[in-house]
Amino acid sequence: MGIIGIIHNLPRVGGTIISKSISAQKDIVLLSEIHPQGLKVRDMMKVKINLGDPLYQAQNWYNLFEIDDYNHLERSKLNFLDKIKIIYEKVTKQNKFLIIRDWSFIDYLGKPFVKPINKNVLLEELKKDFEIKNIFLLRDPLETFLSCMKKLPYFSQNYSFDEFLDGYNSYLQNINNKNVIFFEKFTETPDEILNKISAIFNFKFNENFKQKLKEINITGD
C-alpha cells in the first residue's frame, strides 16, 4: 500500500506558509487545498475552479505529465480517487513524496457554501487505497477566529464565536495529538518545527528551504 502525506488545517492557522515551507523541501510534490468536494465549493465561491483540481495542480505546478497525456486525462472525467492514484504513481516513479494539503474548512465550518459534516472526508477517502501520514495544524482559537473575521469576507456574516468554536472543537476531536503542529511555535522556531514535520513524513529536512519559497506555487498565498 502506497504512502501519502496529508496536512490538515482550518483557515488562518498558518496552513499556507507551513505548506509552502514543506513544498520547498527536496523531492516533495505538494498539492494545496484539495478536497473531494473542492471543485463544487470553489464554484460556489466564484473563484478559479481548476485550481482545486489535483490534476491541474500536478500539471501546472510540477509538469508531471506529457501534454497529450494530460489532455487525455482531462477528457476522461476521472473521479477524485482515481486522479490521486494517477498522480501518486507519477510522483513515486520520480522517487518523490506526495503530500496533500487538505481543505478542512469544508468539513468543519463550510458555511455559507456547504453544511459541515464534522469528519475528515479526504482522510476517509484516501484511506481506502493508501497508508496515511498526517499532521494537524493548530492555532489559538481566538486568534484564529479574529483572523478569519478580518481576512475572510464571508466569515462575519455566517459565524459567531460560538458557532466557530463548534467547528474548531469538531476538528480537535479528529486529530492525532502526536502529530499536532502549533502555528505559534512555527513562527518562533520554524527550523525546529520543520524538522519535526520531516520526521513524521520521513523526508530529509533542507535548512536552506527559505531560498526556494518565492518559487513555490500554493493556494491561499
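This is a guided tour of a predicted model, stop by stop, with what to select at each one.

**Before you start**

Residues are numbered from 1 along each chain as its sequence is written, and side-chain values use heavy atoms, with hydrogens and water left out. Because the model is predicted, local features need pLDDT of at least 70 and side-chain atom pairs count only at pLDDT 80 or more, while totals for chains, interfaces and linings use all residues.

Helices (H or I, at least four residues) and strands (E, at least two) are DSSP runs, numbered from the N terminus. Buried means under 20% relative accessible area, exposed over 50%, and partly exposed in between (1.4 Å probe, protein chains only).

**Stop 1: Arg-12**

Select Arg-12, in the loop between strand 1 (2-8) and helix 1 (15-23). Check its backbone. Most residues other than glycine have a negative phi, and most peptide bonds are trans. Arg-12 is not a glycine, yet its phi is positive, about 65°. Its relative accessible area is 34%, so Arg-12 is partly exposed.

Lys-127 and Arg-12 are 26 Å apart in space and 115 residues apart in sequence. Lys-127 sits in the loop between helix 7 and strand 4. Lys-127 is partly exposed, at 45% relative accessible area.

**Stop 2**

Move to Glu-33 in strand 2. Here too phi is positive, about 55°, in a residue that is not a glycine.

Show the side chains. Which residue meets the side chain of Glu-33 in a salt bridge? The partner is Arg-101, at 3.7 Å, N to O. Glu-33 lies in strand 2 (residues 28-34) and Arg-101 in strand 3 (residues 97-102), so the pair ties together parts that are 68 residues apart in sequence.

Are the two residues buried or exposed? Glu-33 counts as buried, at 15% relative accessibility. Arg-101 is buried as well, with a relative accessible area of 3%.

The rule behind this pair: a salt bridge is a side-chain nitrogen of Lys or Arg within 4 Å of a carboxyl oxygen of Asp or Glu. By this rule the count comes to seven salt bridges. Two others follow on this tour, at Lys-85 and at Lys-111.

**Stop 2: helix 3 and helix 4**

Select residues 54-62 for helix 3 and residues 67-75 for helix 4. Two packed helices are described by the angle between their axes and the distance between the axes. Helix 3 and helix 4 pack at about 170°, with their axes 11 Å apart. That makes helix 3 roughly antiparallel to helix 4.

Axes are lines fitted to C-alpha atoms, for helices over the stretch in contact, and angles run from 0 to 180 degrees between N-to-C directions. Angles under 35 degrees count as roughly parallel, over 145 as roughly antiparallel, 65 to 115 as roughly perpendicular and the rest as oblique.

Helix 3 passes helix 4 in a left-handed crossing. A crossing is left-handed if the near helix is turned anticlockwise from the far one by less than a right angle, and right-handed if clockwise.

**Stop 3: Lys-85 and Asp-129**

Select Lys-85 and Asp-129. Their side chains meet in a salt bridge of 3.4 Å, N to O. The pair links distant parts of the chain, 44 residues apart: Lys-85 is in helix 5 (residues 80-93), and Asp-129 is in the loop between helix 7 (121-126) and strand 4 (130-138). Lys-85 is partly exposed at 32% relative accessibility. Asp-129 is partly exposed at 29%.

**Stop 4: Lys-111, two features**

Go to Lys-111, in the loop between helix 6 (105-108) and helix 7. A cis peptide bond joins Lys-111 to Pro-112, with omega about 5°. Pro-112 is in the loop between helix 6 and helix 7.

Lys-111 also forms a salt bridge with Glu-163, the closest N and O atoms being 3.5 Å apart. Lys-111 counts as partly exposed at 27%, and Glu-163 is partly exposed at 36%.

**Stop 5**

Select Leu-142, Leu-146 and Phe-161, which make a nonpolar patch of about 250 Å². Leu-146 is in helix 8 (residues 141-151). Leu-146 is partly exposed, at 44% relative accessible area.

Patches are made of residues with over 30% relative accessible area and no salt bridge: like charges are joined within 9 Å, nonpolar side chains (Val, Leu, Ile, Met, Phe, Trp, Tyr) within 5 Å. Accessible areas come from the Shrake-Rupley method with a 1.4 Å probe; for residues, only the protein chains shown count as cover.
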